[in-house]
Every structure is written in C-alpha cells, then in structure tokens.
Amino acid sequence: MGMMIVRHKVKDYGQWRPMFDAHVEAQRAAGLINPRVYHSADSNKSEIVVVFDTEDTKKAKEFAASSDLKEAMLKAGV
C-alpha cells in the first residue's frame, strides 16, 4: 500500500471542504482511502494538505490526472 500526498491552495476552506467530502465515491473508486486533511493555521485556512492511503497507485495517478477531478477542483476554488 502506498500514499498519495496532495497540496493545494484554496480560496475558501469552507467552500472547498464540502466539495472534497462529496467526492468521496470517486476517491474510493480510484483506490484512495483513509483521507487525512490538514490546513494552515492562518485564519482563512488557505493551504491544504491531503494524505490518502492508496490501494492501487496506477488508479490513483489516473484519478489525479482526470478531467472529473480538475473540474471538481475548479468548482471548489483550488
């Protein structure tokens, strides 16, 4: 089992988090499990780090490059 570590800057944590949580089925389908979300200590929480365990590194990389994820990230303010 591997890990995928993702770092983003987001416009608004309060907007981003519900959209991240709503994408859980797509994450699981890509073999990404056990997400841990960390954010900066500043008041707007603009820097996000997400750590996933991966069941299938190839599927995880494909998901990371997918147009579905890119679209979701844009909507979430990444």
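**Exercise 1.** Which residues lie nearest the centre of the largest pocket, and how many residues line this pocket?

*Solution.* The model is predicted: local features need pLDDT of at least 70, side-chain atom pairs count only at pLDDT 80 or more, and totals for chains, interfaces and linings use all residues. Residues are numbered from 1 along each chain as its sequence is written, and side-chain values use heavy atoms, with hydrogens and water left out.

Step 1. A pocket is an open set of points on a 1 Å grid over the protein atoms alone, where a 1.4 Å probe fits, with protein on both sides within 12 Å along at least five of seven lines; lining residues have an atom within 4 Å of a point.

Step 2. The lining of the largest pocket consists of 19 residues, and Val6, His8, Phe63, Leu69 and Met73 lie nearest its centre.

Step 3. The space in this largest pocket is about 310 Å³.

Step 4. Helix α4 (67-76) is among the elements that supply at least two lining residues each, together with β1, α1, β3 and α3. The largest share, five residues, comes from α4.

**Exercise 2.** Describe the sheet and identify its edge strands.

*Solution.* Step 1. Three strands, in the order β1-β3-β2, make up an open antiparallel sheet. Helices (H or I, at least four residues) and strands (E, at least two) are DSSP runs, numbered from the N terminus, and two strands pair if DSSP finds at least two bridges between them.

Step 2. The edges are taken by β1 (2-9) and β2 (32-39); each has a single partner strand, so one side of each is left without a neighbour in the sheet.

Step 3. Six bridges link β2 to β3 (residues 47-54) in the antiparallel sense. Val37 has Val50 in β3 as its bridge partner.

**Exercise 3.** Is His23 buried or exposed, and which side chain forms a polar contact with the side chain of His23?

*Solution.* Step 1. His23 is found in the loop between α1 (13-22) and α2 (24-29).

Step 2. With a relative accessible area of 15%, His23 is buried; Asp68, at 43%, is partly exposed. Buried means under 20% relative accessible area, exposed over 50%, and partly exposed in between (1.4 Å probe, protein chains only).

Step 3. The side chains of His23 and Asp68 are joined by a polar contact of 3.1 Å. Such a contact is a pair of N or O atoms within 3.5 Å; within protein, one must be able to donate a hydrogen and the other to accept it, and residues adjacent in sequence count only if both atoms are side-chain atoms.

Step 4. Asp68 is placed in helix α4.

Notes: Grid points are joined across faces, edges and corners, and a volume is the space filled by probe spheres set on the points.
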